Amino acid sequence: MDCFNWLHAKPICHGRLKASPQDFIVNEELGFKFSGTGEHLMVKIRKVGENTKYVVNELAKACGVKSRDVSWAGLKDRHAITEQWLSVHLPGKADPDLSQFEAEHPGVEILEVTRHDKKLRPGDLAGNWFQLRLTDLDNLDALIERLEMVKAQGVANYFGEQRFGHGGNNVVKARAWGNDEFRVRDKSKRSFYLSAARSWMFNQVLSKRIEQGLTSTIIAGDCLQMAGDERTFIADVVTDVLQQQVNLGEVAITGPLLGDNALPTQAEAQTFELAIVEQEPALVKLVRDNRMRHDRRALLLMPNNMQWHFEEKDLIVSFALPAGSFATSVVRELIMPLKSEVVNDENIDQQ
C-alpha cells in the first residue's frame, strides 16, 4: 500500500495495530430489523480466532443443514473480536439447541437468536462499527493533529491490503490470468482475482488524483453521487454551486470500478481515468473478458461518530464506516506501522 499516496501526507507517527485480537473490535450494523417470524433462524455471534466461513460450516452441522443453507451479510476478520449475524434456513423446523455448539467452539459465543422471513445476503450490510487500539506509539502531539484532521476531512477511500492478498499476490495472479498464462476455475479464486484487479485500478486512480490535488476538486465530466444515493450523474459543467456541494460533503466525486462497458465519465475526467487504467492492460482485459459490470466508488471516506481517548500511551479510537470500506484505510492516515501487521485472512468486501 505504500505505493499509494496519503491524503494528508505520509504520517510521521509510528505505532502498532492488532498486537492482539482484542485490539481490533468490529460490530456489524445491518440497518434493518428482523420480523421475528419466518423460515430463517437469525443467529448473532461474537467470535475470536475463527473466520466466518469456518463458523458457517460448523453452525450448519449443529443445525443439521448443509453449509449452503447458512448465509451472512459480510465476512469478518479472524484476528479480531467481531460480532455479526448469520442466517440458517430452517423451514418448518424448531429452533435447534445450540448449547453444544458453543461448548465445542470456545471462540464463538451466541449473543442472540431470532427469526426472519428472508435470508441474509452479501450486500445486506449497512456498515460496521470499529474500536481499535493502537500501541507502541510515538509523536503523540502529531498523532492528535492527524486525528483531528481525519475527523474533519476524512481519508482516501482505498481498498485495503486485505483485498490484494499477501504481498499483493491476488493482483499478480490477476495479471497472469489476464495474460492467458493460466485459467482459473475455482469460483472463490476467480472472485478474489477479479475484485483485486478492479480495486487495484481504483486505488491507482485515487492515488493520482491525490497527487494532483483533485480528490475534492471537480473536473469536467466527473461522475458524481449525492450523499446517501448510489445513483450517479455527470458534471457536464463545473459550477461554483456544485463545487460547494462537494466541499460540504453533500456530493461525492467517484472513481471507477472497471467493467466491460465504457467509462461513464466524460471529457477531461474520462481522459484522466483512461490514461491510468490503460497502464494495466492485463487487468483491463481480465475485467472485460469476464463481463464485469462497471460501478463507481466515492474517492473520500468520512468516518462517522469518530471518537478517541488515550489509555496511558495507547490510543483507543472508534468510528463507523459504510459497507465496503476499510478500517485499515483510516489507520493508514494516522500511523506508519512499526512492522508488518497481521493481515486479514479473508477477502472482505463488506469490512
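Student: Is aspartate 77 buried or exposed in this structure?

Tutor: In this predicted model, aspartate 77 is buried, with a relative accessible area of 2%. Buried means under 20% relative accessible area, exposed over 50%, and partly exposed in between, with a 1.4 Å probe and protein chains only. Residues are numbered from 1 along each chain as its sequence is written. Because the model is predicted, local features need pLDDT of at least 70 and side-chain atom pairs count only at pLDDT 80 or more, while totals for chains, interfaces and linings use all residues; side-chain values use heavy atoms, with hydrogens and water left out.

Student: With which side chain does the side chain of aspartate 77 make a polar contact?

Tutor: A polar contact is a pair of N or O atoms within 3.5 Å; within protein, one must be able to donate a hydrogen and the other to accept it, and residues adjacent in sequence count only if both atoms are side-chain atoms. Here the partner is the side chain of lysine 18, at 2.4 Å. The aspartate 77 side chain also reaches the backbone nitrogen of histidine 79, at 3.2 Å.

Student: Which residues of helix α7 are buried?

Tutor: An α-helix has 3.6 residues a turn, so residues three or four places apart point the same way. In α7 (residues 267-277), the buried residues are Ala269, Phe272, Glu273, Ile276 and Val277. They cover an arc of only 120° around the axis, which puts them on the same side of α7; the arc is that of the directions from the helix axis to the C-beta atoms. On the other side of α7, Ala267, Glu268 and Thr271 are exposed.

Student: Against which elements do the buried residues of α7 pack?

Tutor: They pack against α5 (187-211), β11 (251-257), α8 (281-289) and β12 (295-298), where contact means heavy atoms within 4.5 Å.

Student: How many residues has the largest nonpolar core?

Tutor: In soluble globular proteins, nonpolar side chains tend to be buried together. A nonpolar core is a set of buried Ala, Val, Leu, Ile, Met, Phe, Trp, Tyr and Cys residues joined through side-chain atoms within 4.5 Å. The largest one has 42 residues, and Met201, Leu206, Ile218, Leu224 and Leu283 have the most contacts inside it. Helix α5 gives the most to this core, with 10 residues. Leucine 283 touches residues including Val171, Trp200 and Met201, not counting residues up to four places away in sequence. Apart from this core lies another, of 25 residues, among them Ala80, Leu132, Leu301 and Val317.

How values were computed. Helices (H or I, at least four residues) and strands (E, at least two) are DSSP runs, numbered from the N terminus.
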